[in-house]
Amino acid sequence: MLDSTRIVLVKPSHPGNIGAVARAMKTMGLSHLVMVEPDNFPSDEAFARSSGAKDVLENATICSTVEEALEGCGLVIGTSARNRKIPRPLLNPRTCAETISEKGLPAAIMFGRERTGLTNDELERCHYHVHIPTNAEYSSLNLGAAVQVLCYELRMASLAAGEVENNAVVKTADIASAEAVEGYFSHLEQTLVEIDFLNPDNPGKLMNKLRRLYMRAGLETNELSILRGILSDTQRTIRLAAAKEVVKNEK
Ligand code: SAH
């Protein structure tokens, strides 16, 4: 879905906005940018503003008509900061992304000129319109910001559909295995007995309570190694102290 959705900018005038659009797209995993008669492109300013997203600009398609920009798309969506008199089913960014995901068609999301938006003729070519819900008295976002909102929702929908991986979650490989955790509990119990904190003849519910505490933490492998290191050092210290005691008594 991120690969089959193109972002179409109709006659953008500020090269800085073009760069910001490329950056907004790349951060969300989109790469297909199409521009209809940009006023000033290619330009140093667009490349500078794109930061690390120069590849999106280098691979951008430049067209002279909207028809050309929409070629091959089965779903065309137009964005607008205002209510228009040519009603089409109105989506918000979230339902827009869900619709693209459900239809599974090559899609285009069209954005208008900074000053005047999309013309009525351009909006009539669309299956749906999208309005980003905004303050009614100040409803127009910067072009780059509007593209960011739409692309963010596309990414959220593609995460929900399992098409891309969430790189912010802890990898399951880092979570300590059940055997490793059980090994830790045996080590802990043994150490608690050695320091006389736990009476093996009358253990009560201590281990059960400690288990509950540690299980709540969702221990990772490296955390378990630290805890086991503390237990080993505790045991070593007790043995050293016991050995010193024996030497003293023998003197
Ligand atoms: N004065 C223009 C605003 C253009 S802003 C107008 O009234 O239409 C440039 C582009 O950013 C718009 O054409 C649209 O594609 C997008 N945009 C800005 N604010 C938006 C909003 N609230 N909802 C949807 N798209 C928006």
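**A helix pair and a parallel sheet**

In this predicted model, helix α8 (residues 178-194) and helix α9 (residues 206-217) have axes that come within 11 Å and cross at roughly 140°. Axes here are lines fitted to C-alpha atoms, for helices over the stretch in contact, with angles from 0 to 180 degrees between N-to-C directions. Helices (H or I, at least four residues) and strands (E, at least two) are DSSP runs, numbered from the N terminus.

Where the helices meet (heavy atoms within 4.5 Å), α8 brings Val181, Glu182, Tyr184, Phe185, Leu188, Glu189 and Leu192 to Leu206, Met207, Leu210, Arg211, Tyr214 and Met215 of α9. Ten of the residues in this contact of α8 with α9 are nonpolar, none polar and three charged; Ala, Val, Leu, Ile, Met, Phe, Trp, Tyr, Cys and Pro count as nonpolar, Asp, Glu, Lys and Arg as charged, and the others, Gly among them, as polar.

Turning to the sheet, seven strands form an open, parallel arrangement in the order β3-β2-β1-β6-β4-β7-β5, where pairing requires that DSSP finds at least two bridges between two strands. At the edges, β3 (61-63) and β5 (90-91) each pair on one side only. Strands β1 (residues 5-10) and β2 (residues 33-36) are joined in parallel by four bridges, and Val10 has Val36 in β2 as its bridge partner. Helix α5 (residues 93-103) lies across β1, β4 (75-79), β5, β6 (107-111) and β7 (128-130), at about 170° to β4.

Residues are numbered from 1 along each chain as its sequence is written, and side-chain values use heavy atoms, leaving out hydrogens and water. As the model is predicted, local features need pLDDT of at least 70 and side-chain atom pairs count only at pLDDT 80 or more, while totals for chains, interfaces and linings use all residues.
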